[in-house]
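Please look over the model below before reading my comments.

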Amino acid sequence: MQELSYIAKQNSLDMSSMGMAIRTQNELMVDAASGTDAAVESLSKLGLSYSSLAGMNPEEQFFSIANAISGLNTAQEQSAAATDIWGARVGQNLLPMIAQGAEGIQGLRDRYQDLNAEMSPEKLQSLQDLHDSWNDLTTVMKDFADTLGETITPVDRKSTRLNSS
């Protein structure tokens, strides 16, 4: 998903659109696995089938579908296919990325790999641990500030009474 996030950002897409695309695509795959005519036909129009995509993770399925759509002859065909697979709003948002073609998308994938930006599970866990520690620290500091405030408030009231006398 990190690679997909990078490619989305490079195409001025937000991850919510990409997440919606993957969810819609997963629903299509479930329908295609069940033999639903509309889902089978949507994939078939792209030269794909459930069996050709079933062994891939959702990200790889996305790239295969995007590459197939980019290979269609006209912008109208690409638009119709993207809408059919990912829905009207998301499909239209993905068209600029798809217009780069398989080579453009692969170029971004290669660039991501060259950046070595992929976070290992260990790095991700380390970031989660840091986040948890930060939350612990802010909780302790808030409690300290509350306690300090409770301690100072009576003193502050006493000094205010003395000054008003």
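The numbered points below take the basis of the model, then the core, then the charged pairs.

1. This is a predicted model, in which local features need pLDDT of at least 70 and side-chain atom pairs count only at pLDDT 80 or more, while totals for chains, interfaces and linings use all residues. Numbering runs from 1 along each chain as its sequence is written, and side-chain values use heavy atoms, without hydrogens and water.

2. The largest nonpolar core has 34 residues. Such a core is a set of buried Ala, Val, Leu, Ile, Met, Phe, Trp, Tyr and Cys residues joined through side-chain atoms within 4.5 Å; buried means under 20% relative accessible area, exposed over 50%, and partly exposed in between (1.4 Å probe, protein chains only). Those with the most contacts inside the core are Leu 43, Phe 62, Ile 65, Ile 69, Trp 86 and Leu 94. At least two core residues come from each of α1 (2-10), α2 (15-33), α3 (37-44), α5 (58-70), α6 (75-86), α7 (88-98) and α8 (101-115). Helices are DSSP runs (H or I, at least four residues), numbered from the N terminus.

3. Leaving aside residues up to four places away in sequence, Leu 43 touches (heavy atoms within 4.5 Å) several residues, among them Leu 28, Met 29, Tyr 50, Ile 65 and Ile 85.

4. The whole structure holds two salt bridges, each a side-chain nitrogen of Lys or Arg within 4 Å of a carboxyl oxygen of Asp or Glu. One joins Glu 41 and Lys 45 at 3.8 Å, N to O. Glu 41 is partly exposed at 45%; Lys 45 is exposed at 57%.

5. The other pairs Lys 142 with Asp 146, with the closest N and O atoms 3.0 Å apart. Both lie in helix α9 (residues 121-164), four residues apart, so about one helical turn separates them. Asp 146 is partly exposed, at 37% relative accessibility.
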